[in-house]
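The topics are taken in turn below.

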Amino acid sequence: MIEVQGLTKFYGTVPAIQDVNFHIHKGEVVGFLGPNGAGKSTTIRILTCYMPPTAGEARVDGLDCFQKSLEVRRRIGYLPENVPLYNEMTVRRFLRFVAQAKGVEARELPREVDRVVDVCGLERVRNRIIGNLSKGYRQRVGLAQALLNNPPVLILDEPTIGLDPTQIVEIRRLIRDLREDHTILLSSHILPEVAQICQRVLILNKGRIVATDSPDALTAQLQKSAKIALTVEGDGRQLARALETMDGILAVQLESNHHSRLILETDRSRDLRPEIARKVVEEGLGLLELKAMDLSLEDIFMQLVTEEAPVEEGAVEASETAEEGK
Amino acid sequence: MMRGFVSVYRKELYLLFASPIFYAVAFIFLVLNGYFFYSSVAYYNLLSFQAGQNPFMAGQLNLMDMVVRPLFMDICIVLLLVAPLLTMRTYADERKTGTVELLFTLPVTDGGALAAKFLGVLTVLFVLLAGTLPGMALLEYLSDLNWKAVLCGYLGLFLLGSAFMALGVFTSSLSRNQIIAAVLSFGALLLFWVISWMSSVLGPGASRIIEYLSIIRHFDTFSKGVLDSRDVIYYLLFIAFFLFVTLRQIESYRWRG
């Protein structure tokens with residue numbers, strides 16, 4: 001349904017995205033992940049025909065976003081980031097405007113507006129001025145607008161940002177209901193959300209796709225290098241050097257501030273913990289902690305997105321505080 | 001295609017007439033127009049009394065030249081002041097609030113949206129000019145008005161106002177700040193207004209070009225009640241040119257992102 005090939009966009013001389021490739025099949029729900037400035041919105045804006053790419057091509061339903069712009073726009077319901085709306089209009093008037101612009105027949109207009117008002121739970125505010133609505137309702141009006149004329153493709157840029165937890169749950173439920181008969185691409189910062197809603201994840205970093213798979217497969221794939229956290233009593237520097245040469249250990253990381261904490265990246269095929277324990281004893285150090293770390297989608301994301309190390313520290317600290325909580 | 005245009009036009013009308021700017025502008029426009037109308041009619045009244053004792057002067061009295069034409073010129077000046085205020089939000093506001101992203105991703109062509117926006121401000125112009133008609137009706141009631149000449153003057157006013165609007169829509173596409181858009185269009189319009197002042201200093205060739213460019217020079221013939229196709233063409237070219245560069249500017253805005 002959506003094909004992107006070699007997509008590149010420069011703002012002046014600054015590349016926003018470079019050589020981005022992906023396919024989204026009909027009926028798929030795909031999450032688009034990436035840190036701020038990774039190029040998510042740029043990619044989305046090219047797909048929605050807001051701007052043309054510098055190079056490469058994007059197709060929706062087999063139609064080029066640049067050459068067949070109007071055709072593509074007719075097939076897409078788009079919720080832009082920050083939900084821009086005409087604040088002076090009432091919800092109903094605004095939805096009528098969008099419906100008409102999308103080519104809904106005059107006879108069908110009231111029924112179509114009623115439909116999305118119903119789906120998005122806007123009955124109570126339909127005659128209110130948009131400028132006076134709460135953030136949650138604005139978000140829903142944005143979504144309602146995207147659903148008008150029932151487009152086969154929905155592109156939602158950060159649909160739950162800035163909402164309170166109950167509203168987030170509502171919007172998520174709404175999106176989950178929509179996946180029956182729509183192809184959905186949604187960008188998000190919130191990883192559990194993506195893991196819950198999406199069948200597949202695209203991870204974008206520094207303008208390039210760094211991974212694409214289902215949340216589960218990504219976890220499995222990246223856990224090929226299982227991580228082990230190790231805490232010893234005393235100076236671990238000697239131990240680190242010894243472990244580096246050990247068979248099955250891919251990388252050793254020593255925490256910089258106190259030298260008793262190590263993160264080991266190991267081959268996933270076998271459990272190295274007994275051998276490591278022996279090694280620690282051989283080095284004459286006391287073994288305080290030795291445990292395998294499970295990667296959450298969050299860790300994977302961080303791992304893919306940051307080249308340098310500080311992430312793992314964060315992950316360890318997180319698991320530590322969780323344990324303290326117990 | 002047509003539906004997209006109609007929907008944007010209706011949206012523009014709603015936003016134009018829902019905004020307090022229109023009411024402020026219409027208020028000032030009509031107050032000033034009323035003042036100018038009253039003062040020129042009062043002056044004409046005074047002259048008529050004097051003409052009662054002076055038969056030679058009575059022959060010189062002419063409602064068209066002494067009331068209607070000066071009034072038209074006054075309306076031109078007020079339009080120069082208010083046109084930038086009516087057009088400044090056209091694109092600048094959409095860019096500032098981000099709704100431009102919505103507008104540009106709806107299945108409406110850039111040209112269609114521009115036409116709808118331009119027609120929106122022309123509708124406001126039409127309403128403002130229609131607001132001055134009661135004065136003319138009063139003149140017709142008290143005296144005898146040459147309606148052909150008056151309508152010709154109104155056509156000129158509408159064309160002149162449309163030219164103001166076209167330039168204003170263009171400057172609005174340049175910035176996301178409405179004040180900047182208004183200042184730019186006011187400055188540019190004033191320049192087009194006074195450009196002919198240079199003509200006496202320049203050589204014959206250059207001065208002819210400059211006089212042709214003058215936006216107000218072409219209104220003279222209309223206000224005299226003469227419909228000259230050259231002047232109509234000037235205004236249409238002016239409008240077409242600025243709408244064309246607006247479209248280019250929007251395209252470039254899209255490319256830059």
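Predicted model: local features only at pLDDT ≥ 70, side-chain atom pairs only at ≥ 80, totals over all residues.

**Contact between the chains**

**Helix α13 of chain B**
- Helix α13(B) covers residues 229-256, and its 28 residues should span 40 Å at 1.5 Å a residue.
- The end C-alpha atoms of α13(B) are 40 Å apart, which agrees with that expectation.
- Buried residues in α13(B) are B:D231, B:Y234, B:Y235, B:F238, B:I239, B:F242, B:L243 and B:T246.
- An α-helix has 3.6 residues a turn, so residues three or four places apart point the same way.
- The partners against which the buried residues of α13(B) pack are α7 (110-130), α9 (147-174) and α12 (217-223) of chain B.

**Packing of α1 and α7 in chain B**
- Helix α1(B), residues 2-18, packs with α7(B) at an angle of about 40 degrees, and their axes are 8 Å apart.
- Because of this angle, α1(B) is oblique to α7(B).
- The two helices, α1(B) and α7(B), cross in a right-handed sense.
- From α1(B), the contact draws on B:G4, B:F5, B:V8, B:Y9, B:E12, B:L13 and B:L16.
- From α7(B), the contributors are B:G112, B:A113, B:A115, B:A116, B:K117, B:L119, B:G120, B:T123 and B:V124.
- The contact of α1(B) with α7(B) contains ten nonpolar, four polar and two charged residues.

**Packing of α4 and α9 in chain B**
- Helix α4(B), residues 63-87, crosses α9(B) at roughly 20 degrees, and the two axes come within 9 Å.
- This angle makes α4(B) roughly parallel to α9(B).
- The crossing of α4(B) with α9(B) is right-handed.
- On α4(B), the residues in contact are B:M64, B:V68, B:F72, B:I75, B:C76, B:L79, B:L80, B:A83, B:P84 and B:T87.
- On α9(B), they are B:A149, B:V150, B:G153, B:L157, B:L160, B:G161, B:F164, B:M165, B:G168, B:V169 and B:S172.
- The contact of α4(B) with α9(B) consists of 16 nonpolar and five polar residues, with no charged ones.

Technical notes: Residues numbered from 1 in each chain as written. Chains lettered and ligands numbered in written order. Helix = DSSP H or I, 4+ residues; strand = E, 2+ residues; numbered from the N terminus. Expected span 1.5 Å × (residues − 1). Buried ≥ 20, exposed ≤ 12 C-beta atoms within 10 Å, placed from the backbone. Contact = placed C-beta atoms within 7 Å. Axes fitted to C-alpha atoms, helices over the stretch in contact; angles between N-to-C directions. Parallel < 35°, antiparallel > 145°, perpendicular 65-115°, else oblique. Left-handed = near helix turned anticlockwise from the far one by under 90°. Nonpolar A, V, L, I, M, F, W, Y, C, P; charged D, E, K, R; others polar.
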